[in-house]
Amino acid sequence: MASWVESSKTQPRVVKLLKNSIRKQRLAHAYIFEGAHGTGKMAIATVLAKTFLCRNMEDGNPCESCPNCKRISSGNHPDVHIITPDGQTIKIDQIRGLQKEFAYSGMESSKKVYIVEHADKMTVQAANSLLKFLEEPGADTIAILLTEQVHSLLETIRSRAQTLSFTPLPPQGILQKLLEDIPKPIALLASSLTSDYAEALEICREEWFAQARAKVIQLTEDLRLRPDYCLVVLQDQYLSFFKEKDQLRLALNLLLIWYRDLLSIHLSNSENVVFFDQLQALEQQALHTSQKKTGEALQAILTAQARLRSNVSPLMVMEQLVLRLREG
Ligand SMILES: [Zn+2]
(Lines give C-alpha, C1' and ligand atoms only; values in the text may rest on other atoms or scores of the structure.)
Protein backbone atom coordinates (compact mmCIF):
# COMPACT_ATOMS: atom_id res chain seq x y z
CA MET A 1 0.00 0.00 0.00
CA ALA A 2 1.28 3.46 -0.85
CA SER A 3 2.48 5.49 2.14
CA TRP A 4 4.58 8.57 2.76
CA VAL A 5 7.46 6.39 3.95
CA GLU A 6 7.29 4.25 0.84
CA SER A 7 6.97 7.23 -1.48
CA SER A 8 9.81 9.15 0.14
CA LYS A 9 12.20 6.45 -1.03
CA THR A 10 11.66 7.52 -4.62
CA GLN A 11 10.45 11.12 -4.33
CA PRO A 12 12.00 12.48 -1.13
CA ARG A 13 11.76 16.13 -2.20
CA VAL A 14 8.08 16.00 -3.18
CA VAL A 15 7.13 14.12 -0.01
CA LYS A 16 9.01 16.53 2.22
CA LEU A 17 7.34 19.50 0.62
CA LEU A 18 3.83 18.06 0.85
CA LYS A 19 4.26 16.91 4.42
CA ASN A 20 5.51 20.33 5.44
CA SER A 21 2.45 21.91 3.87
CA ILE A 22 0.19 19.45 5.68
CA ARG A 23 1.81 20.16 9.04
CA LYS A 24 1.48 23.89 8.51
CA GLN A 25 -2.04 23.41 7.15
CA ARG A 26 -1.03 25.20 4.02
CA LEU A 27 -1.89 22.77 1.28
CA ALA A 28 -2.55 24.39 -2.09
CA HIS A 29 -5.95 24.12 -3.76
CA ALA A 30 -4.42 22.67 -6.88
CA TYR A 31 -1.31 20.67 -7.67
CA ILE A 32 0.27 19.49 -10.87
CA PHE A 33 2.32 16.32 -10.42
CA GLU A 34 4.53 16.11 -13.47
CA GLY A 35 7.06 13.44 -14.34
CA ALA A 36 7.70 10.31 -16.39
CA HIS A 37 5.60 7.16 -16.27
CA GLY A 38 6.34 5.08 -13.20
CA THR A 39 7.57 7.89 -10.96
CA GLY A 40 4.77 7.32 -8.43
CA LYS A 41 2.47 10.26 -9.15
CA MET A 42 -0.76 8.38 -8.51
CA ALA A 43 0.64 6.74 -5.39
CA ILE A 44 1.49 10.11 -3.85
CA ALA A 45 -1.82 11.62 -4.99
CA THR A 46 -3.58 8.79 -3.15
CA VAL A 47 -1.58 9.26 0.04
CA LEU A 48 -2.23 12.99 -0.11
CA ALA A 49 -5.98 12.41 -0.51
CA LYS A 50 -5.92 10.00 2.39
CA THR A 51 -4.00 12.35 4.65
CA PHE A 52 -6.37 15.18 3.75
CA LEU A 53 -9.52 13.19 4.50
CA CYS A 54 -8.29 10.98 7.36
CA ARG A 55 -10.23 11.40 10.60
CA ASN A 56 -7.28 10.57 12.85
CA MET A 57 -4.43 12.16 10.94
CA GLU A 58 -1.36 12.46 13.11
CA ASP A 59 1.79 14.41 12.32
CA GLY A 60 0.92 14.39 8.62
CA ASN A 61 0.28 10.65 8.46
CA PRO A 62 -3.04 8.98 7.64
CA CYS A 63 -4.17 6.39 10.19
CA GLU A 64 -5.00 3.74 7.54
CA SER A 65 -7.84 2.43 9.71
CA CYS A 66 -10.60 5.04 9.75
CA PRO A 67 -13.51 4.64 7.27
CA ASN A 68 -12.08 7.40 5.05
CA CYS A 69 -8.64 5.81 4.81
CA LYS A 70 -10.14 2.40 4.13
CA ARG A 71 -12.48 3.62 1.44
CA ILE A 72 -9.70 5.49 -0.33
CA SER A 73 -7.50 2.38 -0.18
CA SER A 74 -10.21 0.32 -1.80
CA GLY A 75 -10.83 3.02 -4.38
CA ASN A 76 -14.42 3.88 -3.53
CA HIS A 77 -14.49 7.02 -1.45
CA PRO A 78 -17.43 9.19 -2.52
CA ASP A 79 -15.45 12.41 -2.09
CA VAL A 80 -12.35 11.33 -4.00
CA HIS A 81 -12.91 11.50 -7.73
CA ILE A 82 -10.48 10.18 -10.27
CA ILE A 83 -10.83 11.20 -13.90
CA THR A 84 -8.99 9.24 -16.57
CA PRO A 85 -9.04 9.69 -20.34
CA ASP A 86 -12.13 8.29 -22.02
CA GLY A 87 -10.42 6.87 -25.08
CA GLN A 88 -7.80 9.31 -26.37
CA THR A 89 -8.99 12.38 -24.51
CA ILE A 90 -10.61 13.72 -21.37
CA LYS A 91 -13.88 15.22 -22.54
CA ILE A 92 -15.81 18.23 -21.34
CA ASP A 93 -18.66 16.04 -20.13
CA GLN A 94 -16.29 14.33 -17.73
CA ILE A 95 -15.29 17.67 -16.21
CA ARG A 96 -18.93 18.80 -16.11
CA GLY A 97 -19.85 15.57 -14.34
CA LEU A 98 -17.18 16.32 -11.78
CA GLN A 99 -18.49 19.85 -11.23
CA LYS A 100 -21.97 18.49 -10.73
CA GLU A 101 -20.73 16.05 -8.11
CA PHE A 102 -18.95 18.85 -6.35
CA ALA A 103 -22.01 21.07 -6.32
CA TYR A 104 -23.42 18.83 -3.62
CA SER A 105 -21.73 19.00 -0.27
CA GLY A 106 -19.42 16.18 0.64
CA MET A 107 -20.99 13.01 1.91
CA GLU A 108 -18.42 12.29 4.59
CA SER A 109 -17.40 15.88 5.29
CA SER A 110 -17.06 19.04 3.27
CA LYS A 111 -13.63 17.94 2.03
CA LYS A 112 -13.17 16.72 -1.50
CA VAL A 113 -10.30 15.65 -3.69
CA TYR A 114 -10.21 15.15 -7.41
CA ILE A 115 -7.39 13.61 -9.36
CA VAL A 116 -7.10 14.04 -13.12
CA GLU A 117 -4.87 11.40 -14.65
CA HIS A 118 -3.12 12.32 -17.92
CA ALA A 119 -4.41 15.87 -17.51
CA ASP A 120 -2.62 16.90 -20.73
CA LYS A 121 -5.19 14.78 -22.58
CA MET A 122 -8.02 17.18 -21.74
CA THR A 123 -9.66 18.66 -24.81
CA VAL A 124 -9.47 22.46 -25.00
CA GLN A 125 -13.12 22.65 -23.94
CA ALA A 126 -12.51 20.32 -21.01
CA ALA A 127 -9.44 22.30 -19.96
CA ASN A 128 -11.33 25.59 -20.08
CA SER A 129 -14.14 24.09 -18.08
CA LEU A 130 -11.66 22.84 -15.48
CA LEU A 131 -10.04 26.26 -15.42
CA LYS A 132 -13.29 27.89 -14.26
CA PHE A 133 -13.45 25.26 -11.59
CA LEU A 134 -9.91 26.05 -10.43
CA GLU A 135 -10.71 29.75 -10.33
CA GLU A 136 -13.43 29.28 -7.75
CA PRO A 137 -12.15 26.53 -5.49
CA GLY A 138 -14.21 25.34 -2.59
CA ALA A 139 -12.47 26.00 0.69
CA ASP A 140 -11.87 22.33 1.31
CA THR A 141 -11.08 21.05 -2.15
CA ILE A 142 -7.80 19.79 -3.56
CA ALA A 143 -7.29 19.25 -7.28
CA ILE A 144 -4.37 17.05 -8.34
CA LEU A 145 -3.51 16.95 -12.03
CA LEU A 146 -1.13 14.21 -13.12
CA THR A 147 0.83 14.54 -16.34
CA GLU A 148 3.84 13.20 -18.17
CA GLN A 149 3.82 16.31 -20.37
CA VAL A 150 3.41 19.39 -18.31
CA HIS A 151 4.09 21.70 -21.25
CA SER A 152 0.98 20.43 -22.99
CA LEU A 153 -1.17 21.86 -20.21
CA LEU A 154 -2.75 25.27 -20.73
CA GLU A 155 -0.57 28.03 -19.32
CA THR A 156 -3.63 29.40 -17.51
CA ILE A 157 -4.05 26.10 -15.71
CA ARG A 158 -0.39 25.85 -14.86
CA SER A 159 -0.42 29.32 -13.34
CA ARG A 160 -3.24 28.33 -10.97
CA ALA A 161 -1.60 25.24 -9.59
CA GLN A 162 1.59 24.39 -7.75
CA THR A 163 3.75 22.18 -9.95
CA LEU A 164 5.77 19.39 -8.33
CA SER A 165 8.31 17.55 -10.47
CA PHE A 166 8.75 13.80 -10.02
CA THR A 167 12.18 12.53 -10.98
CA PRO A 168 12.85 9.02 -12.30
CA LEU A 169 15.26 6.76 -10.46
CA PRO A 170 18.38 5.63 -12.32
CA PRO A 171 18.43 1.81 -12.94
CA GLN A 172 21.08 1.22 -10.31
CA GLY A 173 19.01 3.32 -7.90
CA ILE A 174 16.00 1.08 -8.44
CA LEU A 175 17.99 -1.98 -7.44
CA GLN A 176 19.45 -0.21 -4.41
CA LYS A 177 15.97 0.79 -3.21
CA LEU A 178 14.57 -2.69 -3.78
CA LEU A 179 17.41 -4.23 -1.80
CA GLU A 180 16.26 -2.35 1.30
CA ASP A 181 13.25 -4.69 1.56
CA ILE A 182 13.69 -7.50 -0.94
CA PRO A 183 16.16 -10.43 -1.08
CA LYS A 184 18.77 -9.95 -3.79
CA PRO A 185 17.87 -12.84 -6.14
CA ILE A 186 14.32 -11.51 -6.46
CA ALA A 187 15.26 -7.81 -6.51
CA LEU A 188 17.88 -8.26 -9.20
CA LEU A 189 15.53 -10.26 -11.39
CA ALA A 190 12.67 -7.76 -11.02
CA SER A 191 14.93 -4.81 -11.79
CA SER A 192 15.99 -6.61 -14.98
CA LEU A 193 12.36 -6.77 -16.04
CA THR A 194 11.33 -3.14 -15.61
CA SER A 195 12.85 0.28 -15.12
CA ASP A 196 9.85 1.40 -13.10
CA TYR A 197 10.52 1.22 -9.36
CA ALA A 198 6.86 0.98 -8.33
CA GLU A 199 6.27 -1.80 -10.82
CA ALA A 200 9.43 -3.65 -9.78
CA LEU A 201 8.40 -3.45 -6.13
CA GLU A 202 4.97 -4.77 -6.96
CA ILE A 203 6.49 -7.68 -8.88
CA CYS A 204 8.78 -8.50 -5.94
CA ARG A 205 5.94 -8.47 -3.45
CA GLU A 206 3.87 -10.99 -5.32
CA GLU A 207 4.51 -14.36 -3.83
CA TRP A 208 3.76 -15.81 -7.23
CA PHE A 209 6.87 -14.19 -8.68
CA ALA A 210 9.26 -16.17 -6.50
CA GLN A 211 7.40 -19.33 -7.47
CA ALA A 212 7.58 -18.39 -11.14
CA ARG A 213 11.29 -17.85 -10.81
CA ALA A 214 11.71 -21.30 -9.23
CA LYS A 215 9.56 -22.81 -12.00
CA VAL A 216 11.73 -21.32 -14.73
CA ILE A 217 14.89 -22.55 -13.02
CA GLN A 218 13.28 -26.00 -12.85
CA LEU A 219 12.47 -25.80 -16.56
CA THR A 220 16.08 -25.06 -17.48
CA GLU A 221 17.16 -28.05 -15.40
CA ASP A 222 14.58 -30.31 -17.07
CA LEU A 223 15.74 -29.07 -20.46
CA ARG A 224 19.31 -29.87 -19.58
CA LEU A 225 18.91 -33.21 -17.80
CA ARG A 226 15.56 -34.64 -18.93
CA PRO A 227 14.77 -33.12 -22.33
CA ASP A 228 12.24 -35.78 -23.41
CA TYR A 229 10.47 -35.80 -20.07
CA CYS A 230 10.30 -32.02 -20.30
CA LEU A 231 8.02 -32.21 -23.32
CA VAL A 232 5.80 -34.77 -21.60
CA VAL A 233 5.22 -32.64 -18.51
CA LEU A 234 4.99 -29.35 -20.36
CA GLN A 235 1.23 -29.07 -19.93
CA ASP A 236 0.92 -30.43 -16.39
CA GLN A 237 4.01 -28.96 -14.81
CA TYR A 238 4.46 -25.70 -16.63
CA LEU A 239 1.49 -24.48 -18.65
CA SER A 240 -0.85 -25.24 -15.77
CA PHE A 241 1.29 -22.90 -13.68
CA PHE A 242 1.76 -20.16 -16.31
CA LYS A 243 -1.94 -20.19 -17.14
CA GLU A 244 -2.57 -16.63 -18.26
CA LYS A 245 -0.91 -15.17 -21.30
CA ASP A 246 0.75 -12.48 -19.18
CA GLN A 247 2.19 -15.15 -16.92
CA LEU A 248 3.61 -17.06 -19.87
CA ARG A 249 5.03 -13.84 -21.27
CA LEU A 250 6.80 -13.30 -17.96
CA ALA A 251 8.10 -16.88 -17.99
CA LEU A 252 9.58 -16.28 -21.44
CA ASN A 253 11.21 -13.08 -20.21
CA LEU A 254 12.78 -14.96 -17.32
CA LEU A 255 13.97 -17.64 -19.69
CA LEU A 256 15.46 -14.94 -21.87
CA ILE A 257 17.37 -13.58 -18.88
CA TRP A 258 18.58 -17.10 -18.07
CA TYR A 259 20.03 -17.57 -21.56
CA ARG A 260 21.56 -14.10 -21.49
CA ASP A 261 23.24 -15.18 -18.26
CA LEU A 262 24.49 -18.26 -20.07
CA LEU A 263 25.89 -16.05 -22.79
CA SER A 264 27.59 -13.88 -20.15
CA ILE A 265 29.31 -16.98 -18.83
CA HIS A 266 30.48 -17.94 -22.31
CA LEU A 267 31.90 -14.44 -22.60
CA SER A 268 33.50 -14.67 -19.12
CA ASN A 269 31.29 -11.89 -17.78
CA SER A 270 29.88 -13.82 -14.86
CA GLU A 271 29.64 -10.60 -12.81
CA ASN A 272 26.71 -9.62 -15.06
CA VAL A 273 24.74 -12.74 -14.26
CA VAL A 274 21.22 -12.01 -12.95
CA PHE A 275 20.51 -15.55 -11.70
CA PHE A 276 23.69 -15.21 -9.64
CA ASP A 277 22.60 -17.77 -7.04
CA GLN A 278 22.34 -20.32 -9.86
CA LEU A 279 25.89 -19.80 -11.07
CA GLN A 280 26.83 -23.44 -10.68
CA ALA A 281 23.91 -24.67 -12.77
CA LEU A 282 24.65 -22.03 -15.40
CA GLU A 283 28.30 -23.03 -15.55
CA GLN A 284 27.34 -26.69 -15.89
CA GLN A 285 25.03 -25.79 -18.75
CA ALA A 286 27.70 -23.65 -20.39
CA LEU A 287 30.04 -26.67 -20.45
CA HIS A 288 27.54 -28.59 -22.56
CA THR A 289 26.62 -25.93 -25.04
CA SER A 290 28.41 -23.50 -27.31
CA GLN A 291 28.16 -19.74 -27.52
CA LYS A 292 26.60 -20.12 -30.95
CA LYS A 293 23.94 -22.51 -29.63
CA THR A 294 23.18 -20.09 -26.82
CA GLY A 295 22.68 -17.32 -29.35
CA GLU A 296 20.27 -19.57 -31.24
CA ALA A 297 18.40 -20.35 -28.03
CA LEU A 298 17.96 -16.62 -27.38
CA GLN A 299 16.62 -16.22 -30.90
CA ALA A 300 14.21 -19.12 -30.36
CA ILE A 301 12.83 -17.46 -27.21
CA LEU A 302 12.34 -14.17 -29.05
CA THR A 303 10.52 -16.06 -31.80
CA ALA A 304 8.30 -17.75 -29.20
CA GLN A 305 7.44 -14.33 -27.74
CA ALA A 306 6.50 -13.05 -31.19
CA ARG A 307 4.33 -16.11 -31.89
CA LEU A 308 2.58 -15.69 -28.56
CA ARG A 309 1.83 -12.07 -29.47
CA SER A 310 0.34 -13.18 -32.77
CA ASN A 311 -2.05 -15.48 -30.92
CA VAL A 312 -0.53 -18.87 -31.64
CA SER A 313 -1.74 -21.27 -28.94
CA PRO A 314 0.51 -21.30 -25.84
CA LEU A 315 0.93 -25.08 -26.01
CA MET A 316 2.14 -24.95 -29.62
CA VAL A 317 4.49 -22.07 -28.88
CA MET A 318 6.00 -23.84 -25.90
CA GLU A 319 6.27 -27.25 -27.55
CA GLN A 320 8.22 -25.79 -30.39
CA LEU A 321 10.40 -23.77 -28.05
CA VAL A 322 11.23 -26.80 -25.93
CA LEU A 323 12.14 -28.76 -29.07
CA ARG A 324 14.47 -25.96 -30.10
CA LEU A 325 16.02 -25.47 -26.67
CA ARG A 326 16.71 -29.11 -25.92
CA GLU A 327 18.86 -29.30 -29.04
CA GLY A 328 21.15 -26.77 -27.41
ZN1 LIG B 1 -7.57 7.56 8.61
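**Arg 213 and the zinc site**

Trainee: Which residues does Arg 213 touch in this predicted model?

Mentor: Leaving aside residues up to four places away in sequence, Arg 213 touches Pro 185, Ile 186, Leu 189, Leu 254, Phe 275 and Asp 277. Arg 213 itself has its place in helix H11, which spans residues 207-225.

Trainee: What makes Arg 213 count as buried?

Mentor: The relative accessibility of Arg 213 is 8%, and buried means under 20%, so Arg 213 is classed as buried.

Trainee: How do you know that the side chains of Arg 213 and Asp 277 are joined by a polar contact?

Mentor: The contact between the two side chains is 2.6 Å, and the cut-off for a pair of N or O atoms is within 3.5 Å, so the pairing of Arg 213 with Asp 277 qualifies.

Trainee: Turning to the metal, why is the arrangement around the zinc ion called tetrahedral?

Mentor: The zinc ion is coordinated at 2.3 Å by the SG atoms of Cys 54, Cys 63, Cys 66 and Cys 69, residues whose spacing in sequence is C-x8-C-x2-C-x2-C. These four donor atoms subtend angles of 102 to 120°; since four donors count as tetrahedral if all angles lie between 85 and 135 degrees, the arrangement is therefore tetrahedral.

Trainee: Why is Cys 63 called partly exposed, and what makes Cys 66 buried?

Mentor: Cys 63 has a relative accessible area of 25%, which lies between the 20% and 50% limits, so the term is partly exposed. Cys 66, at 5%, falls under the 20% limit and is therefore buried.

How values were computed
Residues are numbered from 1 along each chain as its sequence is written. This is a predicted model: local features need pLDDT of at least 70, side-chain atom pairs count only at pLDDT 80 or more; totals for chains, interfaces and linings use all residues. Side-chain values use heavy atoms; hydrogens and water are left out. Donors are N, O and S atoms within 2.8 Å of the metal (3.2 Å for Na, K and Ca); water is not among the atoms, so sites may look incomplete. Four donors count as tetrahedral if all angles lie between 85 and 135 degrees; four count as square planar and six as octahedral if opposite donors are over 155 degrees apart and all others between 65 and 115; anything else is irregular. Buried means under 20% relative accessible area, exposed over 50%, partly exposed in between (1.4 Å probe, protein chains only). Helices (H or I, at least four residues) and strands (E, at least two) are DSSP runs, numbered from the N terminus. A polar contact is a pair of N or O atoms within 3.5 Å; within protein, one must be able to donate a hydrogen and the other to accept it, and residues adjacent in sequence count only if both atoms are side-chain atoms. Contact means heavy atoms within 4.5 Å.
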